[in-house]
Amino acid sequence: MRSNESFYTSVNGSADGVKIVQKPQEIFYNPSKDLETIYCEHNDSTHFYMYWYKQGSKKDMQLLVFSSAPESEAIEPPFDKSKYSTQRPVVTKISYLGFLELFDMASMCCANYEAYFGAGTKLTVLDPQKEIRGPVVEVLPPSEAELCKKKKKDNVTLLCVAKNFYPDHVYVSWEIDNDVKREKTKDVPIEKDGNYIISSRLRVPKKDWKSGKKFTCIVYYYNGTGYEPFQDRQISPSVLPVGFTLQRALTAKLAYAIFVAKSFFYGFFILILVKKRVSVLTHDH
């Protein structure tokens, strides 16, 4: 079950370059844990006012907490003070504590007239019947149709598929020879049979695919404490191991030999049947 509301913090200030750090980035709902704390910190001690905002499913913003100074915090109406709490020990730090069942949140941040927002915290309420597990990743090479095109400037497509993971907190990146090609794609997962699947395509010049490079797809999956990489790669045909190429050649020769042998024995069997038939007809006459 996906959350549909968000929480934001803001700090008051007019100076540029304020850095907002918010932790954690992600929260999984655990039925055995009713409360969760989110932290927000900024790097400018001249920013006195800090706020927490709640964003609903319709993207409307509601002021939840207002703080004008350390040890001075207030839960704003219509929110129930018994359901939320906040602490601000110093000018640059503020925390928020609330019941997870009331969170339904996606993010948080810190500002006043000019707002400076953090990256946010996303809450996912997990289905207790489902197992938390990372993806199975596979990279598929370009199709034969693309590779057979005669134009030298044609691009070819590699496809990365990650499947059977839950929940859907993932993002995809691509590397070519260990150099980042696409740091974070815009691909999003979709639900399928109770789990999630995500696919990503990488278009590269055909000459790059044929030049012996390694193409790696990395799917970063949030496991509850941090992002864990799952990956697969495709190697251009020109750098396939010699043993692998030789094995493919031997396999092809063996298959051809088996085919010829089967054809021979089948022909021999037909010849025997024909001779027997001819012999029977001759004997009858």
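**Rings and charges**

Reader: Which residue lies over the face of Tyr-171?
Author: A charge sits over a ring if NZ of Lys or CZ of Arg is within 6 Å of the ring centre and within 35 degrees of the ring normal. Over the face of Tyr-171, at 4.7 Å from the ring centre, lies Lys-184.

Reader: What kind of model is this?
Author: Residues are numbered from 1 along each chain as its sequence is written, and side-chain values use heavy atoms, without hydrogens and water. Local features need pLDDT of at least 70, side-chain atom pairs count only at pLDDT 80 or more, totals for chains, interfaces and linings use all residues, and the model is predicted.

Reader: Why is the pair of Tyr-171 and Tyr-220 stacked?
Author: Rings of Phe, Tyr and Trp (its six-membered ring) pair if their centres lie within 6.5 Å; planes under 30 degrees apart count as stacked, over 60 as edge-to-face and the rest as tilted. Here the ring centres are 4.9 Å apart, and the pair is stacked because the planes meet at 20°.

Reader: How many residues apart are Tyr-171 and Tyr-220?
Author: Tyr-171 sits in strand 13 and Tyr-220 in strand 17. Strands are DSSP runs of E, at least two residues; helices are runs of H or I, at least four; both are numbered from the N terminus. The pair links distant parts of the chain, with a separation of 49 residues.

Reader: Is Tyr-220 exposed, partly exposed or buried?
Author: Buried means under 20% relative accessible area, exposed over 50%, partly exposed in between (1.4 Å probe, protein chains only). At 21%, Tyr-220 is partly exposed.

Reader: Which residue forms a salt bridge with Glu-146?
Author: A salt bridge is a side-chain nitrogen of Lys or Arg within 4 Å of a carboxyl oxygen of Asp or Glu. Glu-146 is buried at 13% relative accessibility. With closest N and O atoms 2.9 Å apart, its partner is Arg-203.

Reader: Which residues do salt bridges that share partners join into one network?
Author: Lys-207 pairs with Asp-208 at 3.4 Å. Asp-208 also pairs with Lys-213, at 3.7 Å. The network joins Lys-207, Asp-208 and Lys-213.

Reader: What is the nearest side chain of opposite charge to Asp-154?
Author: Asp-154 is in the loop between helix 2 and strand 12. Lys and Arg count as positive, Asp and Glu as negative; His and the chain ends are not counted. Asp-154 is buried yet has no salt bridge, and at 4.4 Å the nearest side chain of opposite charge is Lys-206.
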